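Okay, thanks for coming, everyone.

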Amino acid sequence: SVVGGRRANGLVIIQSSTPSHPLLMALAAADPGRAGEIETTLRQDLQLPPFGGLAIVEGAGAGEFVDSLPATVRVGGDAERRQVRAESASMLSDALSEGRRPSRGRLRVAVEPAR
């Protein structure tokens, strides 16, 4: 949360169970360049956007939908909120287009990066 404001030399307070995390240390040192490098490396290692494709599938039909996706994607989560990951945005898009709409229930698919 932010305490004060820009004019009052406000502070940003971050609560974390891992205060020695390299990203938090870079932010505490006011080193946005290093923070960006850490975040980029982490996203690349985890194949998160922009280095991979990610979608959140929500709704009563989420389970039925993700069960119909090809094996080219990884699926996590449970019940009405699932995460779908692929090696690239185009692989994710192709896999999602192969999914079958659920017979019942609503479905919301949020894709990152947006296309």
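So, to start: which side chain does E39 meet in a salt bridge? It's R43, at 3.1 Å, N to O. By salt bridge I mean a side-chain nitrogen of Lys or Arg within 4 Å of a carboxyl oxygen of Asp or Glu.

Before I go on, two housekeeping sentences. This is a predicted model, where local features need pLDDT of at least 70, side-chain atom pairs count only at pLDDT 80 or more, and totals for chains, interfaces and linings use all residues. Residues are numbered from 1 along each chain as its sequence is written, and side-chain values use heavy atoms, with hydrogens and water left out.

Back to that pair. E39 and R43 both sit in helix 2, four residues apart, which is about one turn of the helix. When I say helix or strand, I mean DSSP runs numbered from the N terminus: H or I with at least four residues for helices, E with at least two for strands. E39 is partly exposed at 29% relative accessibility, and R43 is partly exposed too, at 24%. The cut-offs there are buried for under 20% relative accessible area, exposed for over 50%, and partly exposed in between, using a 1.4 Å probe and protein chains only.

Helix 2 has another of these. The side chains of R34 and E37 meet in a salt bridge at 3.3 Å, N to O. Those two are three residues apart in helix 2, so about one helical turn separates them. R34 counts as partly exposed at 40% relative accessibility, and E37 does at 46%.

As for helix 2 itself, it runs over residues 32–45, so 14 residues, and it reaches 20 Å from its first C-alpha to its last, close to the 20 Å expected at 1.5 Å a residue. That expected span is 1.5 Å times one less than the number of residues.

How many salt bridges does a search of the whole structure find? Four. One of them joins the side chains of R108 and E58, at 2.8 Å, N to O. R108 is in strand 6 and E58 is in strand 3, so this pair ties together parts that are 50 residues apart in sequence. R108 is partly exposed at 48%, and E58 is partly exposed at 23%. There's a network here as well: E58, R81 and R108 are linked by salt bridges.

Most residues other than glycine have a negative phi, and most peptide bonds are trans. Q47 isn't a glycine, but it has a positive phi of about 55 degrees. Q47 lies in the loop between helix 2 and strand 3, and it's partly exposed, at 28% relative accessibility. P50 is in that loop between helix 2 and strand 3 as well, and a cis peptide bond joins P49 and P50, with omega at about 10 degrees. Elsewhere, A79 also has a positive phi without being a glycine, about 50 degrees. A79 is in the loop between strand 4 (74–78) and strand 5, and at 55% relative accessibility it counts as exposed.

Let's go inside. A86 touches Q47, G52, G53, V73, M91 and L92, leaving out residues up to four places away in sequence; touching, or contact, means heavy atoms within 4.5 Å. G53 is 33 residues from A86 along the chain, yet their C-alpha atoms are separated by 5.0 Å.

L92 brings us to helix 4, residues 89–98, where the buried residues are L92, A95 and L96. They cover an arc of only 100 degrees around the axis, so they're on the same side of helix 4; that arc is taken from the directions from the helix axis to the C-beta atoms. What covers them includes strand 3 (53–58), helix 3 (62–67), strand 5 (81–86) and strand 6 (108–112).

L96 also turns up among the contacts of V109, along with A55, I56 and V57, again not counting residues up to four places away in sequence. V109 is in strand 6 and counts as partly exposed, at 37% relative accessibility.

That's my tour, so over to you for questions.
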